[in-house]
Each structure stands twice: as C-alpha cells, then as structure tokens.
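Here is a short briefing on a predicted model. Please look over the sequence and the structure before reading the points below.

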Amino acid sequence: MSRQSQAGGRIARLVVVVLVAAACVKEQRPKEGAADTTQLAPVVTAIPVNRGAMGVSERVSWVFSPDRRAVLVIADAVGVEADPLPNGFFFGDEASGFQTQMDGVWDVAVAPDWKAIAFSKAYIVADGSGQFDPVTIANISRQTSIDTATIRASSFATSGMSAARAIAQPGIIRIASNQRTANAADSAAPKMFPVARGWRVRWTADGALIALGSPPARAYDAEPSESWAALDPATGTLHGSLPGDARIVEPVMTSGPVLHGGATPDLLSAPQIKVMRGREAFFIVSDRGVITIASPEAGGYSSSVSAHVVGPGIALAATAGGGYIIAVAPRSKVAAGESPVELVVYRVSW
C-alpha cells in the first residue's frame, strides 16, 4: 500500500472518531429548562419571625392563602402569668415577591383578598408603677399623632402583677400584585392611623372595613375583645361600631409548637413536605437537625441527586413552591430564660 493510501486511511479513521465524539457530546449535552435550574444551589435567607421580647413562652401559628402561594406567620409571645406581650409576624408572597416582617404588634390579620395586611402596633405608656411619664407620653403622641389625653384614656393593663399599661395603634400594609410598578414600594410602606384602638384586629368579609377590638378586660394574653369599632382603611374614618350587616372574618390558623425557655422541641426530624416548582415535585426534608430540598423518588427523596441545604432546624410547613419554609431553628444567642430555639422563615430563591 502506498504512503498516500495509508495517510488517506488514517484521515478517514480520524474523521469517523471526531464524528462519533461529536455525536456523543451532542447526546450528553444537558437540556436547558426548569428542571436544570433546580440543580443550581438556591440562595437561602433566614428571617426570625419575632426579633422582640419572647417572654416565658411563644405560640406559633400560620395561615396560607387559598392557593398556598402566600403565608402569614405569627410568633405570639406570652409573659409571666400569661401577661400579654407584643408579638412578631412575617408575611411572604411567592406570586408577587413581596415580604415583610414586623415586631411589637398586638395583632395582625390579612384581608380576605390577600392584598392588604392590618395590624396594631403596641406602645407601652406606663411602667410597672402605673405612672404616666409626661416625656414618654409626649414622645408616643408625636410618633402616633394621637393626643396625650386619648393615650391616657385608651390605655389598658398589660400585667396582672404590676400597673404597666399600653395602647394599640392600627396600621395597614397594601400589597401590590406587581412589585416592579412605580408605586409598589409606597403602598407597601405601613400606613398608621391616629387611633388608639386595636387590641384585636380583623377584617369584614367584604374587605371594606378593618374591625378594631376593644381593650382586654383583664391583663391576659388570650383575652378576646368584647366589642368592635369600624375603621375605613381608604379614608381613615373611625366608627364606634360595625354596620349591622357586617360580618367579621375569623382566620383559621394552623397551630405549631409552643416554644418554652425550659423545653426544646425535637429537632432531629419532621415529616417531609412536598412542594412543586413548575411541574417538578420536590421534598423538603428535615433529618438530623438539617433541612434540605431534594428530588423525589418512590421511597421519599433521591439520594442520587445532591440535596440543597436550606439550614438548621426542622421544617413545619411551606408555601406551594417552597419559596417560604416555616421552621424551628436553634437560636444563635440564648438569653437567660429564653427558648434555645426560635421560629424562622427560610426564604428560598432559585
């Protein structure tokens, strides 16, 4: 065989190898789509629900929107002898991308259409001696735009062992469906009303009025309101009572664990939570004190696909797409008498 023929044979074989390799590369090229984005590690942010005083215990509760895309989480702090303490709450919406956290509130409620949040801010106006400090009253008056006489007259007891007193001031946060609009940030800023009422806060069924509950008859954290006033959130007008045909919406909350200073919930494991990202199903898994997100298998979650670590603790519940995970996690700094764990919401962004 001539050298030219041998060279031509080698070139032909080389071309075949290159073509086969190219075909293999083409077949192994990863597909681009929603499934592939899940292989990327998500960005996770831990948000404490209550950054204020916890008290001797803290009741955990939450409520989802009808489509489970939005959630309101409440950390209800309780003082010694069940004295009332201001609470903390977190609200997050996967659809709009809006989220907010607030401490120092007596109560909070979401509007029936889930486009607004009503709450009542807590202000301590008298210490345990029961004396109204003129400087404190004047400062609160400037902050709330409520006159000092109304502050004194509207205050209520917050302790069964001392003469501490407080007031409630209602406010509202409106949630824009599109957070990129020009006025989205302005509407989301809390709007306060110069009213000293709101121990309990509810909405009427039509979402037109905020129902403000009367002060507690006794210094007890779970004390209900005996009467209701009506606040028009559009005009700020306050009426001494609700219209005769108005119906107050009582939210159906899911109760979680009660966190105590002397007891630690089991953080080793919790039931798996199924979430959907588009058409893909995933499990939120709590195992040995670590929360992860992994692909599903017939028997649970896939060990062949690396799980994405969310953070420490156990997951209690999650929104439909897993964007917000309600969890109990170890507290980084534990003060005397505090629970070693706290209620957090993990924000998971892909």
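The cover over the buried residues of helix α3 includes β6 (116-126), α4 (148-154) and β8 (165-174). Cover here rests on contact, meaning heavy atoms within 4.5 Å. Helices (H or I, at least four residues) and strands (E, at least two) are DSSP runs, numbered from the N terminus.

This is a predicted model: local features need pLDDT of at least 70, side-chain atom pairs count only at pLDDT 80 or more, and totals for chains, interfaces and linings use all residues. Residues are numbered from 1 along each chain as its sequence is written, and side-chain values use heavy atoms, with hydrogens and water left out.

**Helix α3**

- Helix α3 spans residues 134-144, and its buried residues are Ile-137, Ile-140, Ser-141 and Thr-144.
- These residues sit on the same side of α3, because they cover an arc of only 105° around the axis. The arc is that of the directions from the helix axis to the C-beta atoms.
- Val-135, Arg-142 and Gln-143 are exposed, on the face of α3 turned away from its buried side.
- Buried means under 20% relative accessible area, exposed over 50%, and partly exposed in between (1.4 Å probe, protein chains only).

**Aromatic rings**

- Rings of Phe, Tyr and Trp (its six-membered ring) pair if their centres lie within 6.5 Å; planes under 30 degrees apart count as stacked, over 60 as edge-to-face and the rest as tilted.
- By this rule there are seven aromatic pairs.
- The Trp-106 and Trp-199 rings have centres 5.4 Å apart and planes at 55°, so this pair is tilted.
- Trp-106 lies in strand β5 (residues 99-110) and Trp-199 in the loop between β9 (191-192) and β10 (201-204), so the pair ties together parts that are 93 residues apart in sequence.
- Both partners are buried: Trp-106 has a relative accessible area of 3%, and Trp-199 one of 1%.
- Phe-91, Phe-98 and Trp-114 are linked into a cluster by ring pairs.

**Charges over rings**

- A charge sits over a ring if NZ of Lys or CZ of Arg is within 6 Å of the ring centre and within 35 degrees of the ring normal.
- Arg-218 places its charged end over the ring of Tyr-220, 4.5 Å from the centre.
- The charged end of Arg-347 sits over the Tyr-324 ring, 4.5 Å from its centre.

**Whole chain**

- The protein chain has five helices and 24 strands.
- Of its 350 residues, 44% count as buried.
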